[in-house]
Structures are given as structure tokens and as C-alpha cells.
Amino acid sequence: MSLTLSQNMFDEFDSLSEKAWREKIQHELKGKDFEDLFWSNGELQIEPFYRLNFNEHYERYNLLLNFLRQGLTEGWSIKERFSCKESSNEEILSALECNTSSIHLNDLMELEKLLEGVFLDMIRLNVAHEDWPSLLTYLQKTNYTKCNITVDYSPLSQILRGEINDNAWIPAFKNLKSQLKEFSNSRLLCIDVGFFEDCGATIVQQLAYAISLIHGYYSALDEESIDDLSALTHIQLNIGSSYFLEIAKCRAMRILFGELLNSFSPRHNCSLHSFLIAKTSKLIKGNRDPESNLIRNSIAGMAASLGSCDEIEIAFSPQQKGGRRIARNIQNLIKEESYLDQVIDIPKGSHYIDKLTFELVRLAWDKFMRIEAQGGFFAALDIGQIQDELKEVALKKVEALNQGQQTMVGENKYLKSNSQNSQWSLIQIEKGFNIIQINA
């Protein structure tokens, strides 16, 4: 049979209705209930099979995702974190030789010695905003102006620490922005979605709070160009080990950012694109079983890559021997042996992941709209609404882990001999927020 370009190779096969699929599945269950195959994570009902039947919302999100996909590249940057107090120039050079292309520097000191032989115009440099003055001095001294800079400036963090109130962060933002003008590809405004995840937030909460926070920032900076603000924004996600949901979360974040930016009527369509930085979550790591942590880190790293994140950092325990090399090589294996950096948006066309993505977008957008109707993110923060919502879900997570209802291999199930179950607790931090912590 010859196949012309206008033909579909599947046209010769009869299509099956959803009813036919259900009947076939029911037959294979041998008397068990079809409804038993459904399960819920508390926010989403996961179905046993999916077909291509998008509703009106899904069609809109799919069109937007198709546009946003055009701004993606095949690969991502491998990111590593170094402390200037503890790391050496040799460690950094070794990491760069092994495909690391984004480094985060903490506790800046002796930069001339630490960065000797490092071609800064070929990598991305990341620093906390407190460390930016030291880095700026070094860059001006060495005449590096073409390097890519990310400054993690988070007004929310300053507000929670009590350093500033309300919109007192705006002058600092504008000053940092003016300093970064001379650098070709800089990022400044940090949206730390991982903070909400540390506090126990569900995926829908993470996405909704992130979009509401961005809306609050952009609304306060209404004198600034929305196109400039988009170009200066980077979004940091924590990635857990719920594989398909984490892939969907990354893709949903892109759609939500595009939807939000569209409401500000940017001059350039490219402003709808977001810059996503992924880091493997602290909540998927235990204290007793390094091998299980390795598996969970690998799952999270793959989810971040399939979610088309721009940078990925595999977190590791400093006490783990060879932890830095192992963390880096997880990504090298994903790239060099699995070739996940060779295709843009690999999940495209998976009805399951697409529908998970679009349902997360719908639920998060609905929650975002409810927050805005009540005055926005900072109004909800002031009355403790966000803190209360997070504490409620965090307590449920801690209880489920401590009672073994939520399994964490090597920590509360399938323990090594003579090991005790790990215990989780809530630790109160600033402004009524609590983070989940596994006890040593």
C-alpha cells in the first residue's frame, strides 16, 4: 500500500469509542469495579485511561502551549551550587568540564582566586541579592559585561523576614535593575515557588500562589514595562517524585505565566515565555537510605527535563561521599544516554499528561482568581489566609507520613534492619509560616 503525504497511516483502522474502551477494560477486570481504577491526590481525579477530547478551556490552553513551545530549546543547563568558603577553583573547573553551565555562588569571597580560568561569558552566574554588590565589583574590575547573570531578589522573603513592609522593595528593585542593564542577559525578580512547597503546599496551591505573587509584583511595578519585567523574572520550582504530576506542574507553570502576561497586554509576544529553574525537593530526601534518595533525585530530575525547565539543579547532601559528582551525572545520564535533551516538549501528544497539565492550569487559575477577588496575594498574606491554608495541608502531610499512610521507602517503610521509622514535624518560621522537616 502506498502512502501519500495527505493520508494518515491510521485511517485504515477503525476507531474505538470511549464506551468500547470502558467495556474492554471492564471485561479484563474479571468482575472488579471499573470505578476502583480511579484515584485522587486530593485535588485531581486520575482516570484509568485518557482520550483526545478537549473541552473549551483545554483547547485554549493547548493553543497557548503550542505557542510557548516555540520558545523552548532542546536542552537545559545543568546547575550547581558552590560556597566560596568551602569550594575551590578546582571543583568549579571540574564541574564546568563535566557539562555544568550554570553555577550559584554563596558567601562571596576571594572571587579572583575562585573563578580563575572560568570564562564567565560562557556560563550563567547565580547569586543571592545580598551577594550581588561583591559580584558586581568583581565583574566591573574584570570587564565582564557579556555574562549571563541571575540575581535571586525576592521581595517576599524580605517581607517575611521583617526587613521591609508593603512596597518598600520597589526602590531596591529599580536600583538593581539599573545595575544589571549593562549585562546582556540578566534575571532579577525571583519567584520562589519552592518556598510554598517546603511549607506543604499542594501542586495547585504552588501554582496559584506563584501566579498571584507575580501579579502582585507586576501591579506594584505598574510604571515599568511589562516586557522588561517578564525578561527579568525567573521562576524557581521544587520538583518532587510524583513523576507525571511534576511534569504537568512545570508545563502548567508556563501556561499560567503566559495567561497572566497576556492580561497585561505586552508589546511583544515573546514576553509570554517564562524562565523556569528546577531544583529537586528537600521533601523527597530521607536521612537513612542514600540509595533511595538517589532514585528519587533521578525521578525528579527526569520530570524537570520532560517538563522543559531551563535549568535543573539536583540537590545532594554535603555529607554524601561523591554527592556532587553523582548529582551532576544524573543529568549527564539523562542527556547523554536517554537523549531527553534532543526533543522539545517530549510529553506533547500524551493525552494523560496534557490533560493533567490543563486541569492543573484550570484549578490553579480558579484559585488565583479567588485570591484576587479578596484583594490579592499580599492582602491574603496580611490576614494569615495563605499561612492557614498551608498549615492545614502540611499537618495532613506530616500525619500521613508519620502514620505510614504516605510511603517513603527507607524512612517509614522497607527500612534497613534495626532502623526506626523516621518522624516528620512542622517547624515555625517567619510570619506564621511552617516548613515540613524530617527529623534526624
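Trainee: What volume does the largest pocket have?
Mentor: About 1000 Å³. Keep in mind that this is a predicted model.

Trainee: Which residues lie nearest the centre of the largest pocket?
Mentor: S241, S242, E246, K397 and Q406. The lining has 37 residues in total.

Trainee: And which element gives the most to that lining?
Mentor: α16, with 7 residues. By class, the lining of the largest pocket has 15 nonpolar, 13 polar and 9 charged residues.

Trainee: What about the second largest pocket, how much space lies in it?
Mentor: About 830 Å³. It is lined by 32 residues, and S157, D192, F195, D198 and Q236 are the closest to its centre.

Trainee: Where does the largest share of that lining come from?
Mentor: From α8, which supplies 4 residues. The classes here are 13 nonpolar, 8 polar and 11 charged.

Trainee: New topic: helices. At what angle do α9 and α11 cross?
Mentor: Roughly 25°, and their axes come within 10 Å. Angles under 35 degrees count as roughly parallel, so α9 and α11 are roughly parallel to each other.

Trainee: Is that crossing left-handed or right-handed?
Mentor: The crossing of α9 and α11 is right-handed.

Trainee: Which residues make the contact?
Mentor: On α9, they include I203, L207 and I214. On α11, L245, M253 and F257 are among them.

Trainee: How many of the contact residues are nonpolar, polar and charged?
Mentor: 13 are nonpolar, 2 polar and 2 charged.

Conventions:
Residues are numbered from 1 along each chain as its sequence is written. This is a predicted model: local features need pLDDT of at least 70, side-chain atom pairs count only at pLDDT 80 or more; totals for chains, interfaces and linings use all residues. Side-chain values use heavy atoms; hydrogens and water are left out. Axes are lines fitted to C-alpha atoms, for helices over the stretch in contact, and angles run from 0 to 180 degrees between N-to-C directions. Helices (H or I, at least four residues) and strands (E, at least two) are DSSP runs, numbered from the N terminus. Angles under 35 degrees count as roughly parallel, over 145 as roughly antiparallel, 65 to 115 as roughly perpendicular and the rest as oblique. A crossing is left-handed if the near helix is turned anticlockwise from the far one by less than a right angle, and right-handed if clockwise. Contact means heavy atoms within 4.5 Å. Ala, Val, Leu, Ile, Met, Phe, Trp, Tyr, Cys and Pro count as nonpolar, Asp, Glu, Lys and Arg as charged, and the others, Gly among them, as polar. On a 1 Å grid over the protein atoms alone, a cavity is a set of points where a 1.4 Å probe fits but cannot get out, and a pocket is an open set with protein on both sides within 12 Å along at least five of seven lines; lining residues have an atom within 4 Å of a point. Grid points are joined across faces, edges and corners, and a volume is the space filled by probe spheres set on the points.
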